[in-house]
Amino acid sequence: MIISFEGIDGSGKSTQANRLVERLSGQGKEILYVREPGGTAVSERIRDLLLDPSLTIYPFAEMLLFSAARAQLVHEKIKPFHARGGIVICDRFFDSTVAYQGGGRSVADAKWLEDFQRTITAGVWPDRTYLVDLPVSTAAQRLTARFSEHETADRMELAGPEFFERVRTTYLQLAAKDPTRYFVVDGSKSEDALENQIWNDFSTFL
Ligand code: ADP
Ligand code: TYD
């Protein structure tokens, strides 16, 4: 089974992905947790390129780099683990490319990107996708709080609020188009409330 978490930067999706991993690990389940871009030596190097704020990357090249990192991760880690029957939890998967490079950067339409992603992932597809939805301004406030503590903005986070509005709108369109795979949660709820809502859905889904 493959579960993915999606949402704009600062929506709280990594927090929820980690909480689901903890709950499942506590039950003794075999889990592979991966975050995109990254998760393999090659993909982590591509991640460094993609997030480096000193680089200017042409949008189509950006889409190919995210996709290359994903192809490596799918073939090296996700596919073998999935074939053994383990549960894979993905902190972002190909929907991020459709939302960010498709909706945010307009590199290609959603249908073209989805077909391309199916080729790249060799049909490896999430069974359930949790979209943590949050207004752009709230997500930005959360990120700003985090930056002042211990980190600075990466290359993607430097894109303006209009970019993230387009990404959010695209995510909501994807979710509306495929309600059997997507489960949308309101990211303005507390971390505990979201964890319980996702856990209840996941248990039913299982
Ligand atoms: P993402 O992975 O979507 O970028 P994170 O899970 O890293 O988001 O969360 C971004 C910031 O918001 C972190 O500082 C985190 O502690 C905080 N946060 C996460 N979930 C919530 C929530 N439900 N309510 C308030 N703050 C949250
Ligand atoms: P990351 O620090 O992992 O952000 P987050 O914690 O919000 O997931 O950085 C990943 C960035 O890359 C984030 O801004 C989303 C973006 N991204 C894309 O634009 N396309 C993609 O296909 C993926 C996987 C991520």
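Begin by selecting helix 4, residues 94–104, which is mostly covered: 11 of its 11 residues are buried. Buried here means under 20% relative accessible area, with exposed over 50% and partly exposed in between (1.4 Å probe, protein chains only). Helices (H or I, at least four residues) and strands (E, at least two) are DSSP runs, numbered from the N terminus. This is a predicted model, in which local features need pLDDT of at least 70, side-chain atom pairs count only at pLDDT 80 or more, and totals for chains, interfaces and linings use all residues. Side-chain values use heavy atoms, with hydrogens and water left out; residues are numbered from 1 along each chain as its sequence is written, while chains are lettered from A and ligands numbered from 1 in the order in which they are written.

Display the side chains of helix 4 next. The buried set includes F94, V98 and Y100, together with G102, G103 and G104. Which elements do the buried residues of helix 4 pack against? They pack against strand 1 (2–6), helix 3 (59–83), helix 5 (110–120), strand 4 (128–133), helix 7 (161–177) and strand 5 (182–186), contact meaning heavy atoms within 4.5 Å. Just after helix 4, centre on S106, which takes a positive phi of about 55 degrees.

Now select I78, V88 and Y100, the residues with the most contacts inside the largest nonpolar core, a set of 38 residues. Such a core is a set of buried Ala, Val, Leu, Ile, Met, Phe, Trp, Tyr and Cys residues joined through side-chain atoms within 4.5 Å. Elements giving two or more residues to this core include strand 2 (31–35), helix 2 (41–51), strand 3 (87–91) and helix 6 (136–150). Helix 3 gives the most, with 7 residues. Around I78, leaving aside its neighbours within four places in sequence, show its contacts I2, L32, V34, L73, V88, C90, F93 and V124. Then move to a second, separate core of 16 residues, which includes A17, L20, V21 and V185.

Finally, zoom out to the whole chain. Its secondary structure comes to 8 helices and 5 strands, in the order β-α-β-α-α-β-α-α-β-α-α-β-α along the sequence. The radius of gyration is 16 Å, close to the 17 Å that the globule rule gives for 206 residues, so the protein chain is as compact as a globular protein of that length; the radius is taken over C-alpha atoms, and the rule is 2.2 Å times the number of residues to the power 0.38. Along its principal axes the C-alpha trace spans about 45 × 35 × 35 Å. Buried residues make up 48% of the 206 residues.
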